[in-house]
Amino acid sequence: MTEFVSEVKQIPYNDDRIFAMLSDLSNLERVKDRIPQDKIKEFTFDRDSCSLAVAPIGNITFQIVDREPNKTIKFTTTNSPVPLHLWIQLKQVEENDTRMKLTVRADLNPFLKPMVSKPLQEAIDKILTILTGLPY
């Protein structure tokens, strides 16, 4: 497994508000308009999963597999060209100051790794920026 880790970013909200929103994927309805339509198509979601089509990768479905209240939300792909595991980690430092970090583990073969490492790291960083900018 190859691991990709984002930087740590600050969010000016308490961890319970952030966790409540991110651990229920049906809340994505509130921020659907922030998703770049030119990059992501066929975006659907419910409480525990979300599916999207990303060019040139194809269809990807993420399923929440574990929720540790106010700390961690773990996802795995159930439909993806490359098996992925994603963790959203939260740590409240003080009132209205929570830090977020994303970690992705991907099962990349040696041939694929050089081609997808940079785009995958960029995607993680972009997702972190979107998540930290949400109105919790």
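Start with the salt bridges: the count in this predicted model comes to four.

**Stop 1: Glu3 and Arg105.** Select both side chains. Glu3 forms a salt bridge with Arg105, and the closest N and O atoms are 2.7 Å apart. Now colour by element. Glu3 sits in strand E1 (residues 2-5) and Arg105 in strand E8, so this pair ties together parts that are 102 residues apart in sequence. Glu3 is partly exposed, with a relative accessible area of 42%. Arg105 is also partly exposed, at 35%.

**Stop 2: Asp48 and Arg67.** Select these two next. Their side chains meet in a salt bridge, with 2.4 Å from N to O. Again the pair links distant parts of the chain. Arg67 belongs to strand E5, while Asp48 lies in the loop between strand E3 (40-45) and E4. The two are 19 residues apart. Arg67 counts as partly exposed at 28% relative accessibility, and Asp48 counts as partly exposed at 27%.

Stop 3: Keep Asp48 selected and show Arg47. Asp48 forms a salt bridge with Arg47 as well, the closest N and O atoms being 3.3 Å apart. Arg47 is partly exposed, at 44% relative accessibility. Which residues are linked in a network of salt bridges here? Arg47, Asp48 and Arg67 are. Asp48 is the partner in both pairs, with Arg47 and with Arg67.

**Stop 4: the largest nonpolar core.** The largest nonpolar core has 33 residues. Select the ones with the most contacts inside it: Leu22, Phe75, Ile88, Met100, Leu131 and Tyr136.

Strand E5 holds Arg67, and strand E8 holds Arg105.

**Stop 5: Leu22.** Centre the view on Leu22. Which residues does Leu22 touch, leaving aside those up to four places away in sequence? Its contacts are Ile64, Ile73, Ile88, Met100, Leu131, Leu134 and Tyr136. Among them, Ile88, Met100, Leu131 and Tyr136 are also listed with the most contacts inside the core. End the tour with Leu22 and these residues on screen.

Conventions
Residues numbered from 1 in each chain as written. Predicted model: local features only at pLDDT ≥ 70, side-chain atom pairs only at ≥ 80, totals over all residues. Heavy atoms only, no water. Core = buried A, V, L, I, M, F, W, Y, C linked by side-chain atoms within 4.5 Å. Buried < 20%, exposed > 50% of the residue type's maximum accessible area, 1.4 Å probe, protein only. Contact = heavy atoms within 4.5 Å. Helix = DSSP H or I, 4+ residues; strand = E, 2+ residues; numbered from the N terminus.
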